[in-house]
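Please read this report with the structure open beside you. The headings below take up the DNA strands, the cores and a few single residues in turn.

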Amino acid sequence: MNKEIAIESKIESCYECGSKNIVKDYKNGEYVCSNCGLVLQKFYDTGKEWRSFSLEEENEKARAGMPLTYSIHDKGLATSISFFDEDIYGKPLKPEQKQTFHRLRELQKRMRVSEDERTLISGLIEIERMSEHLNLPKNARERVKESASIIFRKAWKEGLIRGRRGRDIATASLYVACKQFNIPKTLDELSEVSGLSKKKIGKTYRHILEELRYSPLILPISSYASKAINEFKKYGKIEELTYKILSAAKEARLSSGRDPVGLVAASIYIASLLTGEWISQGELSKKLRRTEVTIRNRYKEMVRELLFNIEL
DNA sequence: AAGACGAAAGTGGTTGA
DNA sequence: TCAACAACTTTCGTCTT
């Protein structure tokens, strides 16, 4: 599975800016300049299964020394002054705070940093802020953040931000990064931490995928399932059954084109009926943010098509 | 009263002429 | 660019426990 190999040759410094800080971006199989974000070389082909790396594998690689410096734009010189009038929770600042921040920002502007670089800096700061409030699993948070930062740098490098707000790109970068690590964050959740509409994030996300030539990022349905099961804190038999039902549904081709969360909700519902640890449609609907109607539709399909194939 | 059911109308995204 | 379409949502009346 580890396709890192062969074509590697030594790259001493970035062709563009001369920086010697060349790092491996494992998610995309590229050597990237950590200073300017230029992609220098691929080290394995990006086709097919690269996305299916498990979290465990990622852990292995991380321990092998993935640098943790992407999110700092320039050796820690960046001040943490957001370019938006908000506090770390994305709430608007009070007027007097606004003034203070305005003064600080003026100071920051006077440092010899180009307009372009400021966009980069504020984007990275935004990513930092948002990742802290996204409730990412502890063991993956840093790496998601790094990954998002890399994506943002690339987008910045390729001029994707022109004509767009930096924050749109920053948020979408985070979204991509979550998917790369198989962490099923919804547009709703991204919307909450960024204050942007789901529509905007989704659009920018698609734009990034296209422009940066990422393969479509489809998470395994089990990621959604484990997230949902955690919400209900129901483990053991019901959990096991849920997975069985889901894989049977997939087998029976009941899942294509369907919202994965709806499928998961229906599976949990059936599992809850079968195990006696009953969960109501209403509760599922509320916690998983799908309507009861959708849950019912999925559940009826499943009962009709495949329930009898599931061993209990 | 709470949960489940399903019809009907509405929404936002995709596809294909 | 527009119409048809699939998936999903909202709303609401009805039935069951």
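Around DNA strand C stand Gly 257, Arg 258, Asp 259, Arg 290, Thr 291, Val 293, Thr 294 and Arg 298, where a residue is near a strand if one of its heavy atoms lies within 4 Å of it. Of the atoms of DNA strand C that come within 4 Å of the protein, 82% belong to sugar and phosphate. By class, this surface has 1 nonpolar, 3 polar and 4 charged residues; here Ala, Val, Leu, Ile, Met, Phe, Trp, Tyr, Cys and Pro count as nonpolar, Asp, Glu, Lys and Arg as charged, and the others, Gly among them, as polar.

This is a predicted model, in which local features need pLDDT of at least 70 and side-chain atom pairs count only at pLDDT 80 or more, while totals for chains, interfaces and linings use all residues. Residues are numbered from 1 along each chain as its sequence is written, chains are lettered from A and ligands numbered from 1 in the order in which they are written, and side-chain values use heavy atoms, with hydrogens and water left out.

For Thr 291, an N or O atom of the side chain is 3.0 Å from a phosphate oxygen of DNA strand C.

## The surface near DNA strand B

The residues around DNA strand B include Lys 199, Arg 206, Tyr 269, Trp 278, Arg 296, Tyr 299 and Lys 300, and sugar and phosphate make up 67% of the atoms of DNA strand B that come within 4 Å of the protein. H12 gives the most, with 4 residues.

## The nonpolar cores

The largest nonpolar core has 35 residues, and those with the most contacts inside it are Val 144, Phe 152, Leu 174 and Ile 208. Such a core is a set of buried Ala, Val, Leu, Ile, Met, Phe, Trp, Tyr and Cys residues joined through side-chain atoms within 4.5 Å, and buried means under 20% relative accessible area, exposed over 50%, and partly exposed in between (1.4 Å probe, protein chains only). H5 gives the most to this core, with 8 residues. A second, separate core of 28 residues includes Phe 232, Leu 241, Ile 279 and Ile 295.

## Helix H5 and Asp 168

Because 15 of the 15 residues of H5 are buried, this helix is largely enclosed by the rest of the structure. Asp 168 lies in H5, which runs over residues 166-180, and Asp 168 counts as buried because its relative accessibility is 2%. Not counting residues up to four places away in sequence, Asp 168 touches Leu 196, Lys 200 and Thr 204, contact meaning heavy atoms within 4.5 Å. Just after H5, Asn 182 takes a positive phi of about 60 degrees.

## Arg 141

Arg 141 lies in helix H4 and is partly exposed, with a relative accessible area of 23%. Leaving aside neighbours within four places in sequence, Arg 141 is in contact with Ser 131, Glu 132 and Leu 136.

Technical notes: Helices (H or I, at least four residues) and strands (E, at least two) are DSSP runs, numbered from the N terminus. A polar contact is a pair of N or O atoms within 3.5 Å; within protein, one must be able to donate a hydrogen and the other to accept it, and residues adjacent in sequence count only if both atoms are side-chain atoms.
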